There are 2 protein chains.
Amino acid sequence: MKEVASYISKAEAFRAGSSSPVAVLEEYLATIEAREPAVKAFKAMAVERARKEAAASQARWRAGAPLSPIDGMPFGIKDILETADMPTGQGSPLWEGFETRRDCASVQALREAGALILGKTTTTEFASRPQFADTTNPHDPTRTPGGSSSGSCAAVGAGFVPLALGTQVVGSTLRPSSYCGVIGYKPSIGGFNRGGSYDYLSHSCTGLIGAALEDIWATAKALVERTGGDPGYSGVTGPAELAAARQPKTLLFLETDGWERATPGARAAFEAACAKLKAEGCEIITGKENDRITAMDAAIKDIAKLSDVILGWEGRWPLNGYARIDSGKLHPLALERIERNKSLTLDDYKAALETRSALRERYAAMIENADAVVTLAATGAAPKGLDSTGDPGFNIPASVLGVPALSLPLLEDEGLPLGLQLIGKVNEDAGLFAHGGWIIENFG
Amino acid sequence: MKEVASYISKAEAFRAGSSSPVAVLEEYLATIEAREPAVKAFKAMAVERARKEAAASQARWRAGAPLSPIDGMPFGIKDILETADMPTGQGSPLWEGFETRRDCASVQALREAGALILGKTTTTEFASRPQFADTTNPHDPTRTPGGSSSGSCAAVGAGFVPLALGTQVVGSTLRPSSYCGVIGYKPSIGGFNRGGSYDYLSHSCTGLIGAALEDIWATAKALVERTGGDPGYSGVTGPAELAAARQPKTLLFLETDGWERATPGARAAFEAACAKLKAEGCEIITGKENDRITAMDAAIKDIAKLSDVILGWEGRWPLNGYARIDSGKLHPLALERIERNKSLTLDDYKAALETRSALRERYAAMIENADAVVTLAATGAAPKGLDSTGDPGFNIPASVLGVPALSLPLLEDEGLPLGLQLIGKVNEDAGLFAHGGWIIENFG
């Protein structure tokens with residue numbers, strides 16, 4: 001993992017005047033100027049506003065009065081999230097250029113915290129699978145950055161911004177984070193307020209993508225302190241600063257639906273990582289040693305189908321309505337999805353919700369005496385070509401189960417980035433960060 | 001209660017050709033033409049589209065192939081709910097004329113069911129308390145129709161539409177229904193999909209306002225079958241047709257925070273209603289006879305404050321962001337609210353959520369062996385003047401507790417309408433309708 005100085009570690013330099021948010025922004029802008037023509041991570045940018053706000057942030061830091069630890073930090077915002085000063089196009093020709101005239105909850109919180117909203121990043125259509133954008137992987141322009149948070153992960157991977165917002169309902173934050181060599185974080189269910197995010201699915205979340213773990217945690221705190229979690233949820237909880245690195249004593253290996261499709265290189269990289277963890281004194285328990293793990297893997301074998309029923313029913317609105325407005329502007333895959341979901345009934349949905357609840361209970365029982373689950377974040381390196389955003393098999397469980405997950409850019413496949421995934425306990429996001437921090441320190 | 005032939009009772013006449021959705025629409029339009037200049041219920045109308053769709057509906061009925069029992073039924077839609085063909089202004093000068101370019105979930109469902117979206121009805125600012133609209137009460141133009149679903153309740157009360165959509169997070173459906181002499185229904189929490197409704201509060205809901213109970217139930221079914229409940233909720237469940245009227249054997253009287261402010265006329269009307277119910281063989285249990293009721297009334301004494309903390313925290317987004325865009329276009333009361341809520345913390349909110357959960361458990365235990373709670377729907381007749389939308393004291397409990405409630409237009413105060421409120425058990429909305437039907441039949 002490439003060592004990256006976190007933004008928040010510059011606080012002293014900002015106060016002393018030896019660095020400034022203005023200087024930091026200009027460095028990022030220079031990288032963008034050099035590489036964005038190939039990466040195409042941004043859908044829209046607000047450079048002049050960001051420069052003006054960086055100057056204001058610089059003044060606050062020098063006066064010793066930053067609005068938050070992330071005051072002046074530049075952000076990329078997935079184009080599914082509303083921004084008052086840039087259109088929100090949802091990766092869809094139907095919504096191209098649409099001005100929502102307001103900020104979503106997370107962007108409102110970021111602005112209140114003094115952060116810079118530098119640009120909107122590309123997304124697949126409606127944060128689902130169809131891809132109209134031509135964003136490339138920052139490590140290999142012939143490959144996909146993954147999706148649906150394509151531009152956010154590509155932007156962080158290319159060094160355009162230290163942090164970006166994404167979303168995840170299947171694998172839209174962790175998988176592209178794995179492909180782009182960055183840290184991806186999906187919170188516990190309800191962790192961040194999704195108000196003003198054009199995704200309305202019951203286990204969806206706003207995800208954070210960054211180069212440094214402490215920047216991600218500082219952003220998480222900046223969000224929840226200002227606009228909370230989803231209505232009715234307490235939101236991500238934990239200390240103001242990133243918890244000290246803590247060695248995981250016991251990790252459980254879940255194969256998930258992904259392992260059987262993992263590449264030989266990915267499997268080998270994962271096994272080597274496990275050997276290193278064991279050598280450091282971490283116990284890694286597999287299904288061979290523990291029936292609960294075997295039973296969990298069996299129970300989530302069809303979790304993709306379960307997720308399809310839940311998201312298929314919930315997605316009838318607004319998708320069916322969009323087809324009513326102009327079906328010609330929807331991707332053929334979206335039209336197929338509408339057709340496929342016509343036969344779903346409220347009873348199918350209710351049954352799927354019950355199955356999901358039961359899986360969540362089973363997972364909680366399995367992980368009770370362990371620290372986290374460890375597995376891959378993707379089946380291998382980013383696939384070649386830009387049409388497919390890759391295989392989400394390793395990502396669906398944490399999404400459906402509503403538990404926090406991190407993709408750590410510690411592995412390689414085909415000489416390209418691959419993420420090690422840690423999956424935690426619901427509402428114990430801070431503990432997952434402590435274990436993630438330890439693993440980064442010992443493997444970075 | 002004025003007897004109103006339900007829309008769905010006309011099905012046979014529609015099939016036979018002795019009546020038609022076109023004829024029904026024209027009757028409503030004639031009433032609107034005569035009375036709307038005084039009532040001012042509509043913010044926008046789509047008359048020509050409705051006429052065109054009524055003709056299509058008429059053809060479907062005559063071909064024996066209506067899309068649903070509410071095919072051709074004209075609706076008023078609270079102006080907080082997105083409509084593809086009319087602006088959504090949220091009762092706010094800041095959002096005046098804003099085109100969201102799509103239908104909210106409930107409007108999408110209505111269109112799929114063949115219903116006519118006749119117009120957008122006025123709301124208070126952001127469905128909260130400040131009132132910019134000048135809608136009047138259809139029974140007395142010097143009085144408020146109540147709010148926040150001002151136009152929806154006024155429109156049904158004036159005979160402009162058989163049904164309208166509102167929302168309720170405090171008392172925004174039941175209280176104006178009481179003032180306007182119509183039936184108001186708020187569902188169990190999560191009962192209807194609120195996607196595309198500009199209200200994001202955790203115990204908010206989409207409410208239905210109608211002149212006939214069976215039309216309301218038919219609408220409820222049309223909604224949930226097409227776009228479900230809120231994501232993660234099963235939505236309103238029950239039989240396809242309104243359950244047969246069923247006498248409530250045991251009703252519990254909750255004073256709520258409202259009783260001590262109820263007018264002498266309202267109290268007398270309620271007591272007379274209870275005497276009638278008792279004479280018919282319904283047992284009505286009060287706090288005098290049952291400690292659980294006394295304890296519940298004590299526990300909800302400060303429920304308005306609890307609700308203020310929850311909604312105050314949740315409402316920081318988007319309200320604080322709107323002030324950032326143009327605070328001059330917000331009502332002074334909204335600016336006060338922003339100031340007041342600045343001191344709230346995530347910990348205050350978490351504590352309030354825990355209190356709310358405990359109250360919900362307490363309520364479930366209290367009502368377990370009874371059929372429903374009975375109380376007033378408002379403290380009296382609609383107040384004079386248009387500035388205040390009235391006292392929600394009787395409405396907050398069902399909202400915070402997430403349980404279904406009906407306001408039945410059976411009482412009078414000052415010679416004006418007053419609602420009898422029935423509050424039910426969570427996810428047993430169909431049973432509440434059965435009891436409501438019995439009470440209407442025996443008191444109408």
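1. Two strands count as paired if DSSP finds at least two bridges between them. In this predicted model, strand β7 of chain B (residues 250–253) and β8(B) are joined by 3 bridges and run parallel. Within β8(B), B:Glu283 is the residue that stands opposite B:Thr250.

2. Both strands belong to an open sheet of 11 strands in chain B, with mixed pairing and the order β1-β3-β2-β4-β6-β5-β10-β11-β9-β7-β8. Its edges are β1 (42–45) and β8 (283–285), each of which pairs on one side only. On average, neighbouring strands are turned by 30° against each other, direction ignored.

3. Helix α2 of chain B (residues 21–39) packs on this sheet and touches β1, β2 (74–78) and β3 (116–121) of chain B. The direction of α2 makes about 20° with that of β3(B).

4. In chain A, helix α4 (residues 105–112) is largely enclosed by the rest of the structure, because 7 of its 8 residues are buried. Among the buried residues are A:Val107, A:Leu110 and A:Arg111. The buried residues of α4(A) pack against α3 (47–62), β2 (74–78), β3 (116–121), β4 (163–168) and α7 (213–227) of chain A, and also against α11 (316–326) of chain B. Just after α4(A), A:Gly114 has a positive phi of about 90°.

5. Helix α11 of chain B contains B:Tyr322. With a relative accessible area of 1%, B:Tyr322 is buried. Leaving out residues up to four places away in sequence, B:Tyr322 touches A:Arg102 of the other chain and several residues of chain B, including B:Gln90, B:Trp95, B:Phe126 and B:Leu330. B:Leu94 is also touched; B:Leu94 and B:Tyr322 are 228 residues apart along the chain, with their C-alpha atoms separated by 8.1 Å.

How values were computed
Residues numbered from 1 in each chain as written. Chains lettered and ligands numbered in written order. Predicted model: local features only at pLDDT ≥ 70, side-chain atom pairs only at ≥ 80, totals over all residues. Heavy atoms only, no water. Buried < 20%, exposed > 50% of the residue type's maximum accessible area, 1.4 Å probe, protein only. Helix = DSSP H or I, 4+ residues; strand = E, 2+ residues; numbered from the N terminus. Contact = heavy atoms within 4.5 Å. Axes fitted to C-alpha atoms, helices over the stretch in contact; angles between N-to-C directions.
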